[in-house]
Amino acid sequence: MKKATIALPLLLGAAALPAAALAAVPDSVSTVTGVGLAAPMNVNSLLPVVNNDSVGNTQAVMQMFLPLLWIGTDLKIDWTDSIAKSIDVSKDRTTFTVTMKDWQWSNGKPVTAADAAYGFKLIKDYGKRYMNYGIGGMPNIVKSFDVLGPHRFRVTLTQSVNAHWFELNGLSQIYPAPSNWKKHSIDYLFNHQTDTSLVKVVDGAYRLANFAQGRELAFDANPRFSGHKPAIKHFTFQMATSSEAAFTALKTGELQIANLPVTLYNARRMVSNLKSKQTAGGFSFEYLPINFTNPKVAFFRDLKVRQALQYAIDQPLIIKAVMHGIGEPSFCPVPSAPETYLSPKMKNLVAHPSEMYNPKKAGHLLEQAGWKPGPDGIRSKNGRRLAFTLIVPTGNPWRLTAAQILKQEWQAIGVDMHIRQMTFNQEIATIKPNKKWDMAMIGWTYAPDYYPTGGGLFNTGGGSNYGGYSDSRMDKLIKASMQGKGLKTLYAYENYASEQLPVLYLPVPGYLIKYDPRLHGMNKFYNAVGFMTPQYLSYQSGK
């Protein structure tokens, strides 16, 4: 994996200008990764499929490579921005025939059904290393993938499914891949995720202009892009090291778009000249994965212990004190905002979040589970203290502050929690089943699993089931939500996940985006699932 600064001289253009100069160019925009979703984070992959699925990597990759289906703000397929033109589903819901638009690669060659088939093959070849393995049934639910013509292919499944689920969660994962990758193995692609020679041919709105790892990722508009033609010709991600650093760059005009960090919320008057856009933080939820495979914290396997910890979390306090009121309570893995797929029971909990904060009940549950307070107030059972370590990612101040509140709240019920910070990429590498970690803090944005059934997250062996949670009824409910019609099966799954606590739930932060008042098109630039489409941005003429 190359780490040195790499420039593509033929594509540099205005990307070679200093960041301050870019701000004055009417066809250039600089921002950071994580806008509307998370704190800024580095980009360490330029390729789909083999990357670690972080917000930073996903937002960067999607400037160059587009998925077959583009999901819009209403959590439905946006056919305008999709490479696919239509999908025909068989009556038994086992066969999906996809017709693609006339779309071009940046070298002028057509994006074909064979390219889509190759994109699926990459997922299959990557196997269980694939971060979204199991989501949408991918890849094992696919019995055959047949190319029917230059722009048509047929996907046949091993079983009848909820068509809405497979379209949103399965087919949405397919990225047509350029044919020049075929000479490389999947392991080669994994080991060369920052090799700029692999991204010379793209089908997205932008081409790579410059990649200085840890510093910036600059793009030029793709003149052969088949979608909405970009007015913004130069789009750059500056690799800010923190939300505060991004805010400083926003004040000076080096960045035209960035989040207002919660730690500097009271300093918003310093950027009062900028316009504001509030987001729900993407179609996402915040949670604390638990390591069920670590014998050191075997007490997490006791539902009463998990329930006690959840009842001791004061979500309204965290929203008020940490998120400045810009956030939503959450008590299950289905997002509260937008509430498209939230069950009636979960809607009621979200409407009355204080009912879920009950430290007295938390103490009773621990008593029932046999955990007795010691001389220092920390509970123990059979000589073992009720103590563990929580991993918190760096670069996201609200998470650290929330963790400190959790420490106090859990200490009040006799639980000793220690905080350990590490970078997001280190965290993702650490929180795997059968590794030595206890609990972590993380967020999940539903992309590509836009129909939030839990496949891949909480089913046995799911690719993102970080803690190795396994429950036969959970598996059945997830399977039913993927196969049945309507929302009743999804409601049953989310209600059970709220009761059984495969993870602990935290409130979801909203984000306040500040941006250059000359910019138009922000509603299209950023949608509910956190996708960025800078090709829809433009500067108001005459300003």
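Colleague: Which elements each supply at least two residues of the lining of the second largest cavity?

Modeller: Helix H6 (243–252), strand E10 (257–259) and helix H11 (397–412). Helices (H or I, at least four residues) and strands (E, at least two) are DSSP runs, numbered from the N terminus. This is a predicted model: local features need pLDDT of at least 70, side-chain atom pairs count only at pLDDT 80 or more, and totals for chains, interfaces and linings use all residues. Residues are numbered from 1 along each chain as its sequence is written, and side-chain values use heavy atoms, without hydrogens and water.

Colleague: What makes a space a cavity, and a residue part of its lining?

Modeller: On a 1 Å grid over the protein atoms alone, a cavity is a set of points where a 1.4 Å probe fits but cannot get out; lining residues have an atom within 4 Å of a point. The structure holds 6 cavities of 30 Å³ or more. Of its 19 lining residues, Ser243, Asn259, Pro261, Val262 and Tyr511 are the closest to the centre. Each volume is the space filled by probe spheres set on grid points, which are joined across faces, edges and corners.

Colleague: Why is threonine 33 called buried?

Modeller: Buried means under 20% relative accessible area (1.4 Å probe, protein chains only). Threonine 33 has 0%, so it is buried. It sits in the loop between strand E2 (28–31) and helix H2 (55–64).

Colleague: What lies 2.6 Å from a polar atom of the side chain of threonine 33?

Modeller: The backbone oxygen of methionine 41. Leaving aside neighbours within four places in sequence, threonine 33 is in contact (heavy atoms within 4.5 Å) with residues including Gln59, Phe237 and Met239.

Colleague: How do you know that isoleucine 428 is buried?

Modeller: Its relative accessible area is 6%, so isoleucine 428 falls under the cut-off. Isoleucine 428 lies in helix H12 (residues 424–430). It touches Met131, Ile442 and Tyr466, not counting residues up to four places away in sequence. Its C-alpha atom is 9.9 Å from that of serine 464, 36 residues apart along the chain.

Conventions:
Buried < 20%, exposed > 50% of the residue type's maximum accessible area, 1.4 Å probe, protein only. Polar contact = N/O pair within 3.5 Å; in protein donor to acceptor, adjacent residues only side chain to side chain. 1 Å grid on protein atoms, 1.4 Å probe; cavity = no way out; pocket = protein on both sides within 12 Å on 5 of 7 lines; lining within 4 Å.
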